[in-house]
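Here are my notes on the model, as numbered points. Please read them with the structure open.

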Amino acid sequence: MFDILMYLFENYVHSEVELLVDEDELTKELTRAGFHQSEILKALTWLERLAELQEGDKPYLCNHDQHSFRIYTKNEMDKLDVESRGFLLFLEQVKVLNVETREMVIDRVMELDEPTLILEDLKWVILMVLFNAPGHESAYEQMEDLIFEQPEGRLHS
């Protein structure tokens, strides 16, 4: 499923090519690209749920103290290793993520069917979330720089 998300993001969203609106056409395109029907449906559902995070009231997305500290559940720690959790904290500290976008990222990570997520894949999930979060264009650009410029040395400790 993650491969499909990456394919869509790189070929349609990130490259600024107009995304096919018709789900059937998109499914056919992804099938021609070699993806399996069941994985395509999972990826499209994942994207729909990402869009839904922008709408309506999500109790975990409101009324958080911006200075609170995130405690991860066991399942979250199993999926996000120490390096990934540290990177999320770093992004909050440099204001790329806020409480709401961090929670959106964690929500989307937990819906991926991979048992664990490496840092490079987490960065792509963050980019997808920020791209779909209105008003976070600057954060998206900062995250893009972190992914594509690959600065020398460590970003965080």
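1. **The nonpolar core.** The largest nonpolar core has 45 residues. Those with the most contacts inside it are Leu-88, Leu-91, Val-105, Leu-122, Val-125, Ile-126 and Met-143. Bear in mind that this is a predicted model.

2. **Which helices build the core.** At least two residues of this core come from each of α1 (2–13), α2 (23–32), α3, α5, α6, α7 and α8 (137–148). The top contributor is α7, with 9 residues. In soluble globular proteins, nonpolar side chains tend to be buried together.

3. **Val-105 as a way in.** Start with Val-105 if you want to trace the packing by eye. Leave aside its neighbours within four places in sequence, and Val-105 is in contact with Leu-88, Leu-97, Leu-122, Val-125, Ile-126 and Val-129. Among these partners, Leu-88, Leu-122, Val-125 and Ile-126 are also listed with the most contacts inside the core.

4. **Salt bridges overall.** The count comes to 12 salt bridges. Side chains of opposite charge can pair when their charged atoms come close. The next points take up some of these pairs.

5. **Asp-113 and Lys-42.** Asp-113 forms a salt bridge with Lys-42, with the closest N and O atoms 3.4 Å apart. The pair links distant parts of the chain: Asp-113 sits in the loop between α6 and α7 (119–131), Lys-42 in helix α3 (residues 37–52), and they are 71 residues apart. Asp-113 has a relative accessible area of 40%, so it is partly exposed. Lys-42 is partly exposed too, at 38%.

6. **Glu-111 and Arg-49.** Here the closest N and O atoms of the salt bridge between Glu-111 and Arg-49 are 3.5 Å apart. Glu-111 lies in the loop between α6 and α7 and Arg-49 in helix α3, so the pair ties together parts 62 residues apart in sequence. Glu-111 is partly exposed, at 38% relative accessibility. Arg-49 is also partly exposed, at 41%.

7. Are Arg-102 and Glu-103 buried or exposed? Both are buried. Their side chains meet in a salt bridge, at 2.9 Å from N to O. Arg-102 and Glu-103 also belong to a network of salt bridges that links them with Arg-70, Glu-76 and Glu-92.

8. **Lys-95 backbone.** Check the phi of Lys-95: it is positive, about 65°, although the residue is not a glycine. Most residues other than glycine have a negative phi. Lys-95 is placed in the loop between α5 (82–93) and α6 (99–110). With a relative accessible area of 65%, Lys-95 is exposed.

Terms used
Residues numbered from 1 in each chain as written. Predicted model: local features only at pLDDT ≥ 70, side-chain atom pairs only at ≥ 80, totals over all residues. Heavy atoms only, no water. Helix = DSSP H or I, 4+ residues; strand = E, 2+ residues; numbered from the N terminus. Buried < 20%, exposed > 50% of the residue type's maximum accessible area, 1.4 Å probe, protein only. Salt bridge = Lys/Arg side-chain N within 4 Å of Asp/Glu carboxyl O. Core = buried A, V, L, I, M, F, W, Y, C linked by side-chain atoms within 4.5 Å. Contact = heavy atoms within 4.5 Å.
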